[in-house]
Amino acid sequence: MKRMIELTVNGDSHTAIIDARETLLDSLRYKLDFMGPKEGCGNGNCGACTVELNGQLVNSCLVLSLEAEGAEIKTVEGVAAGDQLHPVQRAFIDNAGLQCGFCTPGFIMSAKALLERNPNPSEAEIRLAISGNLCRCTGYDKIVKAIQAASQALSRAA
Ligand code: FES
Ligand code: FES
């Protein structure tokens with residue numbers, strides 16, 4: 001069954017005709033052209049599809065688009081302020097926190113959410129916060145270092 005729904009993504013309202021069984025990830029990517037969230041596994045294991053839904057991180061491959069109707073969705077496309085990268089994005093680049101970049105949108109969303117609720121996390125807290133995100137090529141040490149650098153940059157800017 002097809003249905004037209006309204007989704008608010010990064011502050012803008014969009015309409016899409018969706019299948020009742022369609023995931024939020026598929027609607028974002030293939031109906032609305034938000035290609036940041038990625039499908040790594042499609043079953044909630046890799047975190048590459050992470051977005052914010054009403055302020056909570058979710059695996060968008062596990063959310064039906066119908067469930068997201070009327071919610072505030074944030075994707076990695078909404079993290080930078082225009083041309084200005086978010087400090088978390090800058091820190092991933094400066095600290096080589098990515099290689100192929102497939103997992104990076106998910107890590108950015110998880111790291112940003114962590115630093116918003118806990119600006120000075122310990123290494124253990126960082127590792128816990130990204131435990132739902134898998135990276136198959138960078139290794140986690142540089143990602144942790146990038147998040148620590150972002151935390152320091154945000155503290156300096158405060
Ligand atoms: S694609 Fe959603 S968790 Fe892997
Ligand atoms: S940078 Fe390639 S999977 Fe993480």
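Hi everyone. Let me begin with a definition: helices, at least four residues long, and strands, at least two, are DSSP runs, numbered from the N terminus. Keep that in mind as we look at this structure, which is a predicted model.

So, what is in the chain? The protein chain has 6 helices and 5 strands. If you walk along from the N terminus, the elements come in the order β-β-α-β-β-α-β-α-α-α-α.

Now for overall size. Along the principal axes, the C-alpha atoms fill a box of roughly 50 × 30 × 25 Å. A compact globule of 158 residues would have a radius of gyration near 15 Å, and this chain has 16 Å, so the two agree.

The accessible surface comes to about 8200 Å², and carbon and sulfur atoms account for 50% of that.

Contacts are worth a look too. Take those between residues at least 6 apart in sequence: 53% of them join residues at least 24 apart.

Which residues make the nonpolar surface patch of about 220 Å²? They are Leu 85, Ile 93 and Leu 98. Find Leu 98 on your screen: this residue sits in the loop between α3, residues 87-94, and α4, residues 104-117. Is Leu 98 buried or partly exposed? Leu 98 has a relative accessible area of 30%, so it counts as partly exposed, a class that lies between under 20% for buried and over 50% for exposed.

Terms used:
Residues numbered from 1 in each chain as written. Chains lettered and ligands numbered in written order. Predicted model: local features only at pLDDT ≥ 70, side-chain atom pairs only at ≥ 80, totals over all residues. Heavy atoms only, no water. Patch = residues over 30% accessible without salt bridge, like charges linked within 9 Å, V, L, I, M, F, W, Y side chains within 5 Å. Areas by Shrake-Rupley, 256 points an atom, 1.4 Å probe, with all protein chains shown as cover. Salt bridge = Lys/Arg side-chain N within 4 Å of Asp/Glu carboxyl O. Buried < 20%, exposed > 50% of the residue type's maximum accessible area, 1.4 Å probe, protein only. Rg over C-alpha atoms; globule rule 2.2 N^0.38 Å. Contact = heavy atoms within 4.5 Å.
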